Amino acid sequence: MSFNDIFKSSFLENVSEFSILDTVIGLAVALVIGLFIFIIYKKTLTGVMYSSGFALTLVGLSLVTTLVIMAVTSNVVLSLGMVGAMLGGEQTEVQPVEIVFLFWSLAVGIVIGAGMIPLAVIGSAIIGVILLLFANRKIHNNPYILVMNCADEKTEKAALDILGKDTEHYIVKSKTITTAGIELTAELRTKEASTGFVNLISRLPGVENATLVSYNGEYLS
């Protein structure tokens, strides 16, 4: 047995079957679309939970998924299993909207790795436009949650009177009575995005604190 026979195997023979040009083109397209996803993510995400690390992950995920699908494109079951393992290994908590971008990056990698580059380009362009259109919609009537601690019923009534006058609509969601006082939680919608009523409530005698919380994770002080 010669030295060459020792290293001659079907595994080593398969190494030479891939095209370097196709690999470079696929990864280049995945990089461009990954950067496009990164830009859309940065422009559409709202709230204080924006993560630059997650944004960069979207680019890397497109590239890695493309490479994996190219490597196992002849075995669909194996390729999907590997992508599923990659997704299952993601332990970082994400916002609901970030899940869209996560699967978008995975889908781009799968489609490009399968050789359907036009589909990846056209599909990503359409998805990007749709996300931008919805993100740029001006919502003037955002819902909020107000949490306040009142010393007694008189203070509670005064606070609710302010809500009735200075908000478009409110509804009491919960009320907890303890020896320390009353904790009240109300869902409300503001008038023209004004939050000055929180200041008025906080100045009432008997109000220990008042916290206004936006549904999207933003906190107003």
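# Exercises on a predicted protein model

Leu106 is located in helix H6, where helices (H or I, at least four residues) and strands (E, at least two) are DSSP runs numbered from the N terminus. This is a predicted model, in which local features need pLDDT of at least 70 and side-chain atom pairs count only at pLDDT 80 or more, while totals for chains, interfaces and linings use all residues. Residues are numbered from 1 along each chain as its sequence is written, and side-chain values use heavy atoms, with hydrogens and water left out.

## Exercise 1: Leu106

Determine whether Leu106 counts as buried or exposed, and state how far Leu106 and Thr65 are apart in sequence and in space.

**Solution.** 
Step 1. The classes are needed: buried means under 20% relative accessible area, exposed over 50%, and partly exposed in between (1.4 Å probe, protein chains only).
Step 2. Leu106 has a relative accessibility of 4%, and therefore counts as buried.
Step 3. Between Leu106 and Thr65 there are 41 residues of separation in sequence, whereas the C-alpha to C-alpha separation in space is 6.3 Å.

## Exercise 2: The two sides of helix H7

Describe the span of helix H7, identify its buried residues, and name the exposed residues on the face turned away from them.

**Solution.** 
Step 1. Helix H7 covers residues 117–135, which is 19 residues. The expected span of a helix is 1.5 Å times one less than its number of residues. From first C-alpha to last, H7 reaches 27 Å, close to the expected 27 Å.
Step 2. Ala120, Ser124 and Gly128 are the buried residues of H7. They lie on the same side of H7 because they cover an arc of only 60 degrees around the axis, the arc being that of the directions from the helix axis to the C-beta atoms.
Step 3. The cover over these buried residues includes helix H3 (20–44) and helix H6 (96–113); contact means heavy atoms within 4.5 Å.
Step 4. On the face turned away from the buried side, the exposed residues are Pro118, Ile122, Leu133 and Phe134. For Leu133, the relative accessibility is 58%, so this residue counts as exposed.
Step 5. Leu133 also belongs to a nonpolar surface patch of about 690 Å², together with Val121, Ile122, Ile126, Val129, Ile130 and Phe134.

## Exercise 3: The salt bridges

A salt bridge is a side-chain nitrogen of Lys or Arg within 4 Å of a carboxyl oxygen of Asp or Glu.

**Solution.** 
Step 1. Lys175 lies in strand E2 (residues 167–178) and Glu156 in helix H8 (residues 153–166), so the pair ties together parts 19 residues apart in sequence. Lys175 is partly exposed at 43%, whereas Glu156 is buried at 9%.
Step 2. Lys157 is exposed at 53%, and Asp161 is partly exposed at 36%.
Step 3. Glu187 is partly exposed, with a relative accessible area of 21%.

Key. Patch = residues over 30% accessible without salt bridge, like charges linked within 9 Å, V, L, I, M, F, W, Y side chains within 5 Å. Areas by Shrake-Rupley, 256 points an atom, 1.4 Å probe, with all protein chains shown as cover.
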